[in-house]
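Here is a short briefing on how two chains meet. Please look at the structure first.

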2 protein chains.
Amino acid sequence: MERETAQPQAISLDEAAQIAGEVKDLIKAGDEHSAWELLQGLHPADIGTILAGLPSKSRDALIQVMSPDTVVWILRQMNPVEAGRVAARLGSNILSFALDQLHPRQVLAVLDHLPILRAREVAPSLESLESTELFDYAPDTAGALMVGQLPTVRIDRLVSEARENLRLLEDIRQKLTHLFLVGDDGELAGQVSVVDLALAESDTPVRAIASPLVATVTVDTPARECARLQRHYNVTQLPVTQGGRLAGVILAEHLLGATIELDTRQMQQVANVPGETVGGPLLSSIRTRLPWLTINLGTTFLAAGTVALFESTLAQVVVLAAFLPVVAGQGGIGGTQTLTLIVRAIALGELVGIGARRLLAREALLGLLHGVWLGVLVAVIAMLWKQNPGLGLVLGLAMLGNMVIAGTVGAGVPLFLRRAGVDPAVSSAVVVTTFTDVFGFLLFLGIASAFIGLIT
Amino acid sequence: MERETAQPQAISLDEAAQIAGEVKDLIKAGDEHSAWELLQGLHPADIGTILAGLPSKSRDALIQVMSPDTVVWILRQMNPVEAGRVAARLGSNILSFALDQLHPRQVLAVLDHLPILRAREVAPSLESLESTELFDYAPDTAGALMVGQLPTVRIDRLVSEARENLRLLEDIRQKLTHLFLVGDDGELAGQVSVVDLALAESDTPVRAIASPLVATVTVDTPARECARLQRHYNVTQLPVTQGGRLAGVILAEHLLGATIELDTRQMQQVANVPGETVGGPLLSSIRTRLPWLTINLGTTFLAAGTVALFESTLAQVVVLAAFLPVVAGQGGIGGTQTLTLIVRAIALGELVGIGARRLLAREALLGLLHGVWLGVLVAVIAMLWKQNPGLGLVLGLAMLGNMVIAGTVGAGVPLFLRRAGVDPAVSSAVVVTTFTDVFGFLLFLGIASAFIGLIT
């Protein structure tokens, strides 16, 4: 009864952090064996997480004690995303060894987390990849997400045969919620749920307990669309077809994993750190962040150029310089608020039937209302601070104008990108804050120049 | 054979948008009946989405034709989050009627999406809420996420009895992946998967196909921790206990829903738009955004005050004003990149065993490296543009310093908040950009004042 051996229990993040600390201290003291004993009672997912968090020297010392087979066993039990993060930290020898024994889905996740040079170094030695067609499919498509096993039963058979087919799918059996029904020519004809299989008599025809398929995807369907189908239609597993025939199935846990990965990436893209994880190699962090920082430098010089246009005005009223960050900063925050909301709504498919014009008008109106409040507030503060009513007026007007621009641009940029067929998450933020900076300065210093008599 | 009636197929977002447009046109032309005919063939999730996207007048006209019962049927088929979004748009009469017939979980999701005033108006009339204890549990806890039905079987029974128990759970049967095993005193003693139930003989003792429980939560466990357990340990459904006894179960789809909601909220919090959805009432948008904008106004005045300290320097070298947005803007972007990464890593439990000091040092070092590159670049551009080597030097030094500050603060603020027990997603961004603004100006204008002889 191997299944009744005591399985380790879940622990909290705090407990995990505490054990990680003890393990680190033991290894520092040269006692890797006690460290490994401490870990052995834990769930593989926790061993892996703690392993990933160790300094590389300690990690290597510990792996010496654990044996490579144990490392592979741990990686196998983890979800692919976390396993990838752990494996990316392993030495090349043990990594090659581990990758050879993992499920191709996990191998892909691992390679995805490796710096390109290391992936090239490790990949050619992989035997497991030769036996799979996963590399035939573009990343972020249903083809790359699916497992190639086919949980099917012919539609004219009995429940007993469906059960037999389920039994044969040893690797993924526990992760299935449905078997797909196929007709004479291998075409999809519905599904039966495992729950109904559990309740039916053996001699019942599967047709009698069949339920219709709501969603089917092809190998080329983007992962984002698969995630949307799962969420929108409450689907647990998705059949994937190629040339009209069933080619594989996307399991619920891989759909969940894809959803979370896509969400993470989207959030990071809005903040301009595409696909980086904490604690990876420095060089890969620089490679992902520095290009964005450099592009952003260009946009700040656009803003600088705008300010420079008004040097003579600034020379007359130096105090204007102090208020530059106020107008631009508020616009930036307002624009980002709108942008975040719209990008998210697009990704979740919430904008069906809601016209772009209506959204633009709504956000512009919100900007106007916010602008009235903030404009009055900022005008009053500036008057009290600098005893200069003209300055207050100029500042208030610029604030009002820039908040309207922030709302319009914050909604307009992602909506325009969507219409143009570009993922609106990428680089929208840079464009929006460039607009709010440049127009903020233009409005503020422009109005100030026009009413220069009022403020000097 | 009711299950073999043709079930509508999934459609793409583009198709949904097109149908939504046609429906809108038909209703505008006064032909609600044809509009409803067009919708009838669709999956309820799509009817709901299109309904939510219609202008309120058109929606009301269409609902007149559909009958309230159909509306309830549609809401029932949708996932709770989307159903909440749709229901929040309905008139009060039909909303009260609908809520009375929904599952309490969905009712909570709907109320969650309503402005407080409307929720108060609708809630007292709800019969369904009297029969539930869901309101006893704080939102965002396991208690509020669970369904109260108990998918259990006594550990000393046979598979046949487990199947009978499964059959009796009509409402949630199709959503179950496991039955929980309970002992004599109602204590949890393991689980059996529905897959194993489907494969076992009727006279097998359930004990023989039992598998251990990895994670159990109590009614007070935060939803975020439940989502982490699911992801980290690859769990599909979680048992929820209260006082040592099983109180309910969190189903896989509700865990997924919770994960996505928490992710959404986290992302919106980083951008300071807590929990708003596109297209809700204007007043609730203002109520969520304006407080943040006002707080931010305070922080921009801190920045303004910093600039004002150096008015005499600015009066001597007006061109300095043009470069204010360059130093502050770069720091803001760099800080936000780091912040996003760390907040996300904390939420995903990736920081176990990775010391705060190591992360801080890493991000500060990255800031230094980025700062060297950006500093040289900005110095060269400033020299070429303004023919002023002293200005270039000052700008380059300030940029270098501010990028180090951006990295340190971007990592330090969320790590400090986590240690203080505060959710680091809330308001971190405002604090970080305030730091980078204030220190950016202080460094730039301070260095400029010190080397004023070099730049005039």
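**Interface of chain A and chain B**

Across this interface the rule finds four salt bridges, a salt bridge being a side-chain nitrogen of Lys or Arg within 4 Å of a carboxyl oxygen of Asp or Glu. This is a predicted model: local features need pLDDT of at least 70, side-chain atom pairs count only at pLDDT 80 or more, and totals for chains, interfaces and linings use all residues. Residues are numbered from 1 along each chain as its sequence is written, chains are lettered from A and ligands numbered from 1 in the order written, and side-chain values use heavy atoms, with hydrogens and water left out.

**Pairing**
- A:Arg289 forms a salt bridge with B:Glu363; the closest N and O atoms are 2.9 Å apart.

**Extent and make-up**
- Chain A brings 140 residues to the contact and chain B 140 residues (contact: heavy atoms within 4.5 Å).
- The two chains bury about 12200 Å² between them, 65% of it on carbon and sulfur atoms. Buried area is the accessible area (1.4 Å probe) that two parts lose on being put together, summed over both.

**Helix α17 of chain A**
- α17(A) has 28 residues and reaches 41 Å from its first C-alpha to its last, close to the 40 Å expected at 1.5 Å a residue. The expected span is 1.5 Å times one less than the number of residues. Helices are DSSP runs (H or I, at least four residues), numbered from the N terminus.
- 26 of its 28 residues are buried, so α17(A) is largely enclosed by the rest of the structure. Buried means under 20% relative accessible area (1.4 Å probe, protein chains only).
- A:Gly349 follows α17(A), with a positive phi near 70°.

Note on methods: Helices (H or I, at least four residues) and strands (E, at least two) are DSSP runs, numbered from the N terminus. Buried means under 20% relative accessible area, exposed over 50%, partly exposed in between (1.4 Å probe, protein chains only).
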